[in-house]
Amino acid sequence: MFVNKAPIKSYLSVGKSQLQSLIDGLHKLGYQTIGPRIVDGAIVYGELNAISDLPVGYVDWQDGGKYRLEPSDEAGHFDYVVGPDSLKKFLFPARETLLQSIRVDGTWNMATPDPAPHPLAVFGVRSCDLHALAIQDKVFLGGPYVDPGYQSRRNALFVVAVNCRRAAATCFCHSMKTGPAVEGGFDLALTELADRFVVQVGSTRGAEVMTNIEWTACTLQDIDDARSISKTLRDQMRTRAHNAETQRESELPRERHLDTTDIHDLLLDNLEHPRWSQVANRCLACANCTIVCPTCFCSSVSEVSDLSGDNVRRERAWDSCFTAEHSYMNTGTVRKTTASRYRQWLTHKLATWTDQFGTSGCVGCGRCITWCPVGIDLTEEVAAIRGDES
Amino acid sequence: MTMLLDQPKNCQPWTAHSARIVDIRPEVPGVATYDLVLDDPQVASAYRFRPGQFNMLYLPGFGESAISISSDPARHDVLSHTVRVAGNVTQALAKQKVGDRIAVRGPFGSDWPVNACRGHDIVLACGGIGLAPLRPAIYHILNHREDYGRVIVLYGARTPGDLLYTAEFSAWREKKLEVEVSVDVGTPDWKGHIGVVPVLFYRLRLQPERTSVMSCGPEIMMRFVVFEALARKVRPENIYVSLERNMSCGMGFCGHCQMGPYFVCKDGPVFNFRQVEPYFHLEDL
């Protein structure tokens, strides 16, 4: 068995059909396997039991308020980028019970549900989402308090990452320094070549899983080929800032980039900039951006009680800083206007997040742009505040 | 460090602890003080709080409310909370009787710098229910009176009938606390000051270089307290304010109580003025 054990950080060459044995191998180890699936015309995370369930041969086209899937002859197994889902919903579920209380003879017995999550293996995680995962780890695990539910689900997570071979127009991981190449935080990372996958082993668990799969050691050429895919994409994305002029004249979606120079002070020095009111004229305060954001963590807790009132659950559900209730106190709502809520969201994401967690809250995945019904684009808003209308 | 902060990282921060209401004292219209005793003797004996911290009081079926602790931090037998009826949870609390049970999570948040201010003159400027979070600091000062210089309580409420803890004022004065009280609207028998709290600064002769100010009340009041203190050359780093936001989880997870870079629940509620200076004047932040 151990003959076949690959060291951490090694690169292995695996035939494309072997992806199925990877799924099967994870099943044998007790993992439920999740991967990209097409549901209602978009790629979301769903149960993945067969490699044929993957959206092989599809690419996505994304722009402000737009998302389209199309078949493409050149597309491989993972040539779409990110859809509305992220790892967030698996680790920080949209609804979860925090506390159960039962009243017996006037006394409350309270218990936190014992978190014994099913081990989960997620396929197709991109570099931006791995960075988002690290950011949510800081929120839920990195402070003086640890969220026990998040912690137990996090420990039971197995990540099969994928190196992107193309970027959507809404992607700007190159600006946020979160991609496109995956650099860590995964158990296995796949790079698709013409006839096989190059698999990078990222953890002991990843190495264990690979013992069940047929692989050969990569040649230096294979490793170079895999790396050059990420490098080519990154170089391509980096030219975006210089191509703004040609971009403006073309019919194609604007390829995003974000100038992050001194962005913390830029935003906090402009808390009274007129742009906040201008964007509020378009913003519907619908909360879509916060729901699709892989790092947004706001939640609220509600009471779920039976008719007797003796059996009560406290349920945590995703919330958003775009609602009036979010900042509500008995003296009224603190953030009364859409302008103040958009300002809260953007300044938190790109500036005060750094004060709180030592990292930006944005990973450049572009979901908030794509899934905004009116196509509000944070890269455009920051550029406007910077006074750079290009 | 507080009890919860000292616990290992595998503790259950969402667990609320059952507590019995052992006394209810109506204070002023709509406000009562609830004395609580934690049911689990282990939890009760380990529980410690510092002046200015708050608990999440939980009424199953109604929800939680962030309420500052208003008892003496040196007393370990009972926890007092002075609560104004304001929303669902506090309304349900107002219907409880002595002997009923609620639940407690906490303590949470930062505290008044009673140790850092030793040797200083202290001005405690508060409005309305804002005296409740400062009362543990007052108790601490009374217990360690020799550690402090002049101690002045500037307290204001809407009417004389809205003044909290008036029965204790004489005991405070006996220990050389200067208690100056003002109301917005007087009654025929009111012989004290009329006007807002910041105005009470006008007659103080402070030694600003050795004075610290702690303030809790409506934000507009605190803004003017800070203004008056700075105008009298009190150092900005010696001014502290306790802020209120929608504190819901107490741990910085839920995001509701953010103000600029801060989670008011864990970075506050007590802030040094220097921390909040850039944001204090902004509307809707």
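This is a predicted model: local features need pLDDT of at least 70, side-chain atom pairs count only at pLDDT 80 or more; totals for chains, interfaces and linings use all residues.
Trainee: Why is chain B described as being as compact as a globular protein of its length?
Mentor: The radius of gyration, taken over C-alpha atoms, is compared with the globule rule, 2.2 Å times the number of residues to the power 0.38. For 285 residues that rule gives 19 Å, and chain B is as compact as a globular protein of that length because its radius of gyration is close to this, at 18 Å.

Trainee: What share of the residues of chain B count as buried?
Mentor: A residue is buried if 20 or more other C-beta atoms, placed from the backbone, lie within 10 Å of its own. By that criterion, the buried share of the 285 residues of chain B is 52%.

Trainee: Among contacts in chain B between residues at least 6 apart in sequence, what percentage join residues at least 24 apart?
Mentor: The count takes in contacts in chain B between residues at least 6 apart in sequence. Of these, the part that joins residues at least 24 apart is 69%.

Trainee: What are the dimensions of the box that the C-alpha atoms of chain B fill?
Mentor: The box is taken along the principal axes. For the C-alpha atoms of chain B, it comes to roughly 50 × 45 × 40 Å.

Trainee: In S11(A), which residue is the bridge partner of A:Leu190?
Mentor: Strands here are DSSP runs (E, at least two residues), numbered from the N terminus, and two of them pair if DSSP finds at least two bridges between them. Strand S10 (residues 188–192) and strand S11 (residues 196–201) of chain A pair in the antiparallel sense over five bridges. In S11(A), the partner of A:Leu190 is A:Val199.

Conventions. Residues are numbered from 1 along each chain as its sequence is written. Chains are lettered from A and ligands numbered from 1 in the order in which they are written. A residue is buried if 20 or more other C-beta atoms lie within 10 Å of its own, exposed if 12 or fewer, and partly exposed in between; C-beta atoms are placed from the backbone. Two residues are in contact if their C-beta atoms, placed from the backbone, lie within 7 Å. Helices (H or I, at least four residues) and strands (E, at least two) are DSSP runs, numbered from the N terminus.
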